Structure formats: structure tokens, C-alpha cells
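Subject: Structure handover

Hi,

Here is the structure I said I would pass on. Have a look, and my notes follow below.

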Amino acid sequence: PGVRAAARPRKLYLAGPDVFRADAVAHGEALKALCARYGFEGLYPLDNALPKQLAEPREQAAWIYRANIGLIERADAVLANLNFFRGAEPDSGTAFEVGYATALGKPVYGYVDAPELIGEDPTRDRDGMTLEEFGLPLNLMLSVPGRIVVGDAEQALRQLASRRHG
């Protein structure tokens with residue numbers, strides 16, 4: 001018997017700090033509609049409604065964590081917004097989700113609007129820390145296992161769709 005081709009992704013977990021936007025629900029619906037245009041089902045973290053009986057913030061956090069892990073496990077791949085968020089790095093929760101998906105062997109497609117310059121010296125950041133010299137748009141732990149697209153969600157979906165059919 002020959003080697004079986006990997007299953008083509010159908011469901012995409014939509015990772016990113018988009019859940020913190022003022023228009024988070026509407027943005028998620030737009031992302032899911034965009035996924036549908038490219039033949040994917042988008043799984044957005046806010047699809048899960050927090051149960052009203054969970055009043056304790058730690059209980060709410062644990063529930064959200066488990067719900068998002070469940071969506072990642074149901075997904076065939078992850079589409080991640082890796083733009084800088086609240087500082088000079090992608091959202092830490094999104095980075096965790098990308099790592100978790102990678103550990104599960106799921107393909108990850110990340111997108112960034114543009115590679116960010118962290119400092120004026122190409123070898124050091126603004127705090128004097130050395131910068132990686134690999135020519136990657138993000139830290140190697142995100143860039144190596146995933147495919148990072150410089151552009152928006154639609155450009156990343158186009159690449160994912162073309163690989164799926166290619």
C-alpha cells in the first residue's frame with residue numbers, strides 16, 4: 001500500500017485577538033463568511049456562549065479555555081491573526097493556540113499585515129535584546145511550523161485553498 005495523502009482541511013479554527021475587538025461578534029461572522037467563500041467552515045471562539053451560571057471569573061476563564069481547546073481539536077487547521085497585539089509580539093493566547101495546534105499535527109496558516117520593525121538597529125530591539133537573523137516575519141517558533149502570510153485573512157485563505165487543491 002502507498003502512502004495516504006493527508007486529509008484536506010475543511011474546518012478552520014480562527015485564532016487571534018479579534019475576540020477583543022469592539023465589533024468582535026460581527027467580525028467573527030465576517031471571517032466565517034470569508035472562510036465559506038473559500039470552501040471552509042470557520043470555527044470562531046465566540047461561537048461558544050459562556051454559560052450564565054458561571055459568575056466566578058476563574059470559572060469563566062477555565063470554561064473559555066476548554067471551549068477553545070475543543071474547537072481547535074475539532075478543526076482540521078488553524079488560521080491565525082498574528083499581528084502585534086498589546087505590544088511588539090502577537091497575542092500570547094493566539095501563540096498558545098498555534099503551538100497547541102502544531103503539537104496536534106494540524107496545519108497552521110498565520111497572517112500579519114506587514115513584518116514589524118522592532119527597533120532601528122537590525123540586530124537589536126529597542127531594549128537592546130538581540131533580534132533573530134533568520135529573515136522570518138515572526139519569531140521562528142511561529143514561522144517555522146506554520147505558514148506566515150504577509151497580508152490579511154483573505155490572502156492566507158487563498159494560499160490555504162490553493163494548497164488544498166494543489
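Let me start with a loop. Arg 86 is found in the loop between E3 and H3, where helices (H or I, at least four residues) and strands (E, at least two) are DSSP runs, numbered from the N terminus. Its phi is near 55°, a positive value in a residue other than glycine. Arg 86 counts as exposed because its relative accessible area is 69%; the classes are buried under 20%, exposed over 50% and partly exposed in between (1.4 Å probe, protein chains only).

Some housekeeping: this is a predicted model, so local features need pLDDT of at least 70 and side-chain atom pairs count only at pLDDT 80 or more, while totals for chains, interfaces and linings use all residues. Residues are numbered from 1 along each chain as its sequence is written, and side-chain values use heavy atoms, with hydrogens and water left out.

**Strands**

Strand E3 (residues 77–81) runs parallel to E4, and the two pair over 4 bridges (pairing takes at least two DSSP bridges between the strands). Across that pairing, Asn 81 stands opposite Tyr 111 in E4. E4 itself is mostly covered, with 5 of its 5 residues buried. That holds on both faces: Val 108, Gly 110 and Val 112 are buried on one side, Tyr 109 and Tyr 111 on the other.

**Helix H2**

H2 covers residues 57–74, and its end C-alpha atoms are 26 Å apart, which agrees with the 26 Å that its 18 residues should span at 1.5 Å a residue (the expected span is 1.5 Å times one less than the number of residues). Ala 67, Asn 68, Ile 69, Leu 71 and Ile 72 are its buried residues. What do the buried residues of H2 pack against? They pack against strand E1 (11–15), strand E2 (41–43) and helix H3 (92–103), with contact taken as heavy atoms within 4.5 Å.

**Salt bridges**

Side chains of opposite charge can pair when their charged atoms come close. The rule here is a side-chain nitrogen of Lys or Arg within 4 Å of a carboxyl oxygen of Asp or Glu, and the count comes to 5 salt bridges. Among them:

- Arg 21 with Asp 23, the closest N and O atoms being 2.8 Å apart. Arg 21 is partly exposed at 37% relative accessibility, and Asp 23 is partly exposed at 34%.
- Lys 32 with Asp 47, at 2.8 Å from N to O. This pair links distant parts of the chain, 15 residues apart: Lys 32 is in helix H1 (residues 24–37), Asp 47 in the loop between E2 and H2. Asp 47 is partly exposed, with a relative accessible area of 36%.
- Glu 154 with Arg 37, the closest N and O atoms being 2.7 Å apart. Glu 154 lies in helix H5 (residues 153–165) and Arg 37 in helix H1, so this pair ties together parts 117 residues apart in sequence. Arg 37 counts as exposed at 59% relative accessibility.

Salt bridges that share partners also join Glu 29, Lys 32 and Asp 47 into one network.

**A surface patch**

Phe 134, Leu 136 and Val 144 form a nonpolar patch on the surface, with about 310 Å² of accessible area together. Areas come from the Shrake-Rupley method with a 1.4 Å probe, and for residues only the protein chains shown count as cover. Patch members have over 30% relative accessible area and no salt bridge; like charges are joined within 9 Å, nonpolar side chains (Val, Leu, Ile, Met, Phe, Trp, Tyr) within 5 Å. Leu 136 sits in the loop between strand E4 (108–112) and helix H4 (140–143), and is partly exposed at 37% relative accessibility.

Cheers
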